[in-house]
Amino acid sequence: MKKPVTLFLPYNGLKHTRQTIQSFIATGLVEEVVLLVNDDTLSPLEGTSFLKIELINSSETIKKVVDRAETEFFVILKQDTLIDLGQFALERFISVARNTGAGLVYSNYYEMKEDVRTPHPVIDYQYGSLRDDFDFGFILFYSTKVAKFASKSASDYKFAGIYDLRLKASQISLLIRIDEFLYSSTEIDTRKSGEKLFDYVNPRNREVQIEMELAVTDHLKTISAYLEPSFKDVDLNENTFEFEASVIIPVKNRVKTIVDAINSVLNQKTNFKFNLFVVDNYSTDGTTDTVAEFAKKDNRVIHLIPERKDLGIGGCWNVAVHHEHCGKFAVQLDSDDIYSGEDTLQKIVDQFFKEKSAAVIGSYRMTNFNLEELPPGVIDHKEWTPENGRNNALRINGLGAPRAYYTPVLRKNIIPNVSYGEDYAVVLAISRYYQIGRIYEPVYLCRRWEGNTDSQLTIEQVNKHNFYKDKIRTYEVLARKRKNEK
């Protein structure tokens with residue numbers, strides 16, 4: 001009787017591959033072990049066979065894998081890394097897959113480093129889990145039947161093959177996480193969370209990103225959540241405002257950076273009247289006194305201390321946006337950061353009228369606290385195009401800075417009262433109907449330092465953030481489906 005699993009894994013001739021294979025063979029559930037190789041000088045290991053490939057993530061590789069699989073399930077390892085299966089781990093994958101009919105099953109795992117085992121939980125897959133960097137761990141446990149059906153309509157990608165298969169599988173089946181730590185692995189990417197955050201906008205990855213955009217756009221069309229490039233008109237002169245623009249800085253305990261932020265606003269040269277809201281969320285480190293001094297000396301500075309004590313960054317934004325002296329355009333500045341020049345505010349407002357948009361997003365330069373450039377340098381989010389930006393926005397993790405909004409539209413789209421992802425949520429909601437203007441030159445300096453909230457997060461914090469953004473995407477995908485139905 002045929003065993004239920006075929007194992008596919010990348011092979012580069014490294015010693016740990018034998019250990020990984022033995023871990024799977026020892027279960028007695030693996031019918032065949034297939035090594036994915038692109039090096040003609042390598043020789044097969046005993047009891048294995050070769051499958052010649054070019055790129056592990058390509059559609060061609062996925063087609064070869066799916067065509068080769070003849071068992072009920074197959075496992076594909078995403079990286080050439082050491083895998084040590086836990087007790088009855090493969091049995092657990094099989095049981096959950098059979099009981100649920102899931103097309104793809106994945107699980108939590110342990111990271112091994114110098115014989116220390118650290119838990120690495122992953123998160124549940126949602127309808128809006130469209131990020132191409134979604135963390136499934138190292139083991140992708142596929143139903144062969146689902147994979148064969150899904151791959152029938154696969155496109156021809158060099159880099160987005162695995163991503164495309166996952167999206168197509170999600171259209172016809174469940175993708176299920178087992179909330180158990182079923183194996184151990186050696187983590188290859190040991191960078192801090194803050195260093196990984198901007199991988200998707202690295203110019204070196206541009207070719208990859210283009211393919212990922214094509215894959216997600218095709219997926220959105222299939223599930224009826226794609227939005228055509230047609231937008232509601234916005235009349236930027238329909239309301240009268242005392243101020244043309246208001247810069248909004250929510251702040252809590254940033255005495256080290258708030259002075260620079262405020263000065264970068266007050267030094268702006270414009271042909272219009274503007275003000276600055278500093279929404280001080282009960283700072284305890286001297287920030288309050290610092291902001292109060294600015295407000296005494298310059299009547300453009302409005303120092304707000306909210307009545308409520310349950311506000312996140314989004315809630316602080318709502319306080320300023322709904323204030324009677326908020327200007328026609330509400331412009332973002334984080335308390336850690338500064339505008340790159342004295343013309344930033346003017347460029348942003350000019351862009352609103354140039355593109356007749358309901359929001360404008362700029363580009364920024366990554367720097368350290370001393371304003372020395374950090375890699376990857378300029379973050380311009382060129383993947384946000386006028387034609388397809390609002391669709392591709394459902395795949396990526398950020399939308400750029402500074403963000404600015406036409407206040408009458410923003411007031412109709414309440415910003416979530418959270419301190420992560422609130423900006424992403426409101427831009428997605430606005431983009432459902434309105435065009436988003438873009439400035440592709442850097443007008444903002446994003447300063448990375450040890451006090452940044454995302455400089456070094458635990459895996460639990462990263463998961464919390466990613467789960468929330470996936471939830472926002474889920475809301476938005478469903479809203480777009482309803483919009484298309486109407």
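Is Asp336 buried or exposed, and what is its relative accessible area?

Analyst: This is a predicted model, where local features need pLDDT of at least 70, side-chain atom pairs count only at pLDDT 80 or more, and totals for chains, interfaces and linings use all residues. Residues are numbered from 1 along each chain as its sequence is written, and side-chain values use heavy atoms, with hydrogens and water left out.

Asp336 is buried, with a relative accessible area of 10%. Buried means under 20% relative accessible area, exposed over 50%, and partly exposed in between (1.4 Å probe, protein chains only). Asp336 forms a salt bridge with Arg254; their closest N and O atoms are 2.7 Å apart. Asp336 sits in the loop between β13 (329-332) and β14 (338-339), and Arg254 in the loop between β10 (245-251) and α8 (258-266), so the pair ties together parts 82 residues apart in sequence. Helices (H or I, at least four residues) and strands (E, at least two) are DSSP runs, numbered from the N terminus. Arg254 is buried too, at 14%.

The structure holds 30 salt bridges. Each is a side-chain nitrogen of Lys or Arg within 4 Å of a carboxyl oxygen of Asp or Glu. One of them joins Glu373 and Arg365 (2.7 Å, N to O). Glu373 is partly exposed, at 48% relative accessibility. Arg365 is also partly exposed, at 28%.

Another pairs Arg473 with Asp470 (2.8 Å, N to O). Both lie in helix α15 (residues 459-485), 3 residues apart, about one turn of the helix. Through shared partners, salt bridges join Arg131, Asp133, Asp470 and Arg473 into one network.
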